[in-house]
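Dear colleague,

Please find the structure below.

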Number of protein chains: 2
Amino acid sequence: MSEKTIKIGIVGFGTVGSGVAKILLEDADHIEARTGIKLELAKVVDIDTKKARPVKLPDGILTDDLNSLLNDKDIQIGIELIGGTTIAKDIQLKMLAAGKDVITANKALLAEHGNELYAAAHKADRCIAFEASCAGGIPIISAIRTGLAANRIKAIYGILNGTCNYILSNMTKKDESFKAALKQAQNKGYAEADPTLDINGQDSAHKLAILSSIAFSCEILPGDIFVEGIENIDIVDIRYGREMGYTLKLLAIGQKTDDGKIFLRVHPSFISGDNALARVDGPFNAVSIFGHAVGQTMFYGRGAGMMPTASAVVADIIEVAMGNSKKLFKHLSLEPKNKVAGIIGKIDELVSRFYIKLRVSDKPGVFAQICTILANHEISLSGVLQHEEHNSHNIVPAIVITHLTQQKKNTAALADLAKLEIVKEKPVCIRIVDIPEDSD
Amino acid sequence: MSEKTIKIGIVGFGTVGSGVAKILLEDADHIEARTGIKLELAKVVDIDTKKARPVKLPDGILTDDLNSLLNDKDIQIGIELIGGTTIAKDIQLKMLAAGKDVITANKALLAEHGNELYAAAHKADRCIAFEASCAGGIPIISAIRTGLAANRIKAIYGILNGTCNYILSNMTKKDESFKAALKQAQNKGYAEADPTLDINGQDSAHKLAILSSIAFSCEILPGDIFVEGIENIDIVDIRYGREMGYTLKLLAIGQKTDDGKIFLRVHPSFISGDNALARVDGPFNAVSIFGHAVGQTMFYGRGAGMMPTASAVVADIIEVAMGNSKKLFKHLSLEPKNKVAGIIGKIDELVSRFYIKLRVSDKPGVFAQICTILANHEISLSGVLQHEEHNSHNIVPAIVITHLTQQKKNTAALADLAKLEIVKEKPVCIRIVDIPEDSD
């Protein structure tokens, strides 16, 4: 039955490593029946060989000696699952140099050093597969590179960080404060003890760098992406947004304009409550891809966790083992940074709508002053909201929704608004993202 | 740059054929850059070579002579886009015999005669690719066969017919009658002049047969699938369902139980209004796949139309041209019908919840009679709804929602209910489908 046996080595016996080992040990027969390839787990390398794990390896597989994997000529595929950008990079380069194809879930490493690693793989005539680096179990890399390969990709809108989505969902649905929602995410295991990289948007930016680089075929670095996190989101603004029909999500957005400019950004975004992405709750991820032929698509699933991420790693193992990944990887040629620099749009050039909340003195003429400043910056309003609020300071919230305007005009207007005597706190500004909906 | 040129012939120059030709003519460079393969449209065969089409072919490509395609040894890929199950089958077999790989969007043909065609392809050492046969532009076949290849698939829940979804969406959102919504679907071009195959559920059953046969690796024929269409859906039941938090969708469902039984069905289904599939509106399709490792996933996009379907056909062209489809196709081995028969669950064995609407005389003791009959069949209730309604006939609706019960018990109870003197019309029964939600 089996055409060939492919031996596999894993570096990093943590959560995802355990999930991959579990599938390889339990489902090799099932996979062989569908693909003709027998997958064999040959080595698992980890500095800690004593700790209890959720999967029991056969004797002789677990080791703390990386060289025993590198030097085993029968191991064709090396899987790096330790994370980080230093040792992990070294290990990937060593595996490539030792003639192994590499599979990884390491988004930070690929986002920062993808082109260097891809070049090393091309030089070694090997491939790097990285389905698990973005959106966990959702086969989104495969969708962009094969399922939608006939398309010129116009835009990507992604909910790519389950921690942030869990926090924002709970704030929205349970009316919890950011702090309480974060605490709950930590209790549930959806947020690290130090959640910085998740909540400041950097993790989403790493994933967007990878997705947009393959979608737009050019090298995109995290530094090319405008990033704002969710750490300063106030439940009050989620409530006001909801009143106006908006749901708050941390979106990672990559757009290619008709004249070839690429805009890349990660920031809290008010989207229509009717949009499919607004209904992605809890720790789930979802990515909406717009292609010139296919139109609107959306891919939804778990963005993290032992088995979902392992599902993506094993999908890569199968594709690498069948030789399909290598053929496609050979043509993974990203326009290098120096050629791309000119087409990356600056955030100041972005055209968007904005939600602006001011806390102002409750007295006559307040809106006149606000509107005059906005008019001075050529910003017109599409909506206004002011609630009665009784407090001892005589300060009330005033909310305006702008029509489409340039970011730089909005930034200048916010600076002028902040200087008004009637404006008592730093203005809050959240971008409104109008995801195209061709529902008919 | 290009490793090889692949020549392509299309049979059927209708809507989808025009879309495929358009992409091949306009985007060959873009595809070559990403894959190293130059795609060349060599022949388009259609009995009508005069009609105006939305794409202009270069001279010498359009012909009404199928043999000019079959006999051209340089054409490696033949695309059958004429539909139907007779001539189309003959053409596919001829293309395979002539040494060409076959790509098709023909769900009816594959659902009815897939195994015969696959066998012919295996014998000719060619492959058949059929991404476009299910859910239009959504790369769902590729997701099941590659992106989720590490998974044992447990269930598929699909909105696979855009016509039905458009009709049910409009009934739900605009409170339109079935007839009015169908008329509008026809005006919009979403429904054929004769919409029978769409609204009676057969089109969805064809697609479910294909999806579940690859998901569960066995031959599944349309006749294995229990099918009920939407042609008798009354807007009144959609309204009552909504009151109780349900949205009506035509779902195609394939489930594999832990003891290996496969249940296959297409029928109007009340699903929770909170489920992602409840929010799939208009002509869109969506498929939720549950895998043992990945958990819940959902894939969303346009299920029909010139360019979305062409997107899927061209994705297949690329995969076939790269040689990837053939490797996977080689292992497309579906357990044949005679071996599968025993594991296909009968609809009578199905365990479900049910929405039952009776139109009854408005007098004392009515609910007691209904409840007694249900109790006699060991059916317990999870909800009851009775509205005041004033009409000259003194007949009112009584709605009950059952707990989980076997279909056969429910069928027997309905027969007994229909015999009651107080029950004035044939009972309406709609299955409630509780799609698992692991949102946390």
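Asp175(B) is partly exposed, with 13 C-beta neighbours inside 10 Å; a residue is buried if 20 or more other C-beta atoms, placed from the backbone, lie within 10 Å of its own, exposed if 12 or fewer, and partly exposed in between. Asp175(B) lies in the loop between helix H6 (162-174) and helix H7 (178-188) of chain B. Helices (H or I, at least four residues) and strands (E, at least two) are DSSP runs, numbered from the N terminus. The phi of Asp175(B) is near 55°, a positive value, although this residue is not a glycine.

This is a predicted model, in which local features need pLDDT of at least 70, side-chain atom pairs count only at pLDDT 80 or more, and totals for chains, interfaces and linings use all residues. Residues are numbered from 1 along each chain as its sequence is written, while chains are lettered from A and ligands numbered from 1 in the order in which they are written.

Ala135(B) also has a positive phi, of about 60°, without being a glycine. Ala135(B) is found in the loop between strand S6 (128-129) and helix H5 (140-147) of chain B, and is buried, with 32 other C-beta atoms within 10 Å.

In chain A, the buried residues of helix H7 (residues 178-188) are Ala181(A), Leu182(A) and Ala185(A). Seen down the axis of H7(A), they fall within an arc of 100°, so they line one face of the helix; the arc is that of the directions from the helix axis to the C-beta atoms. On the other side of H7(A), Lys179(A) and Asn187(A) are exposed.
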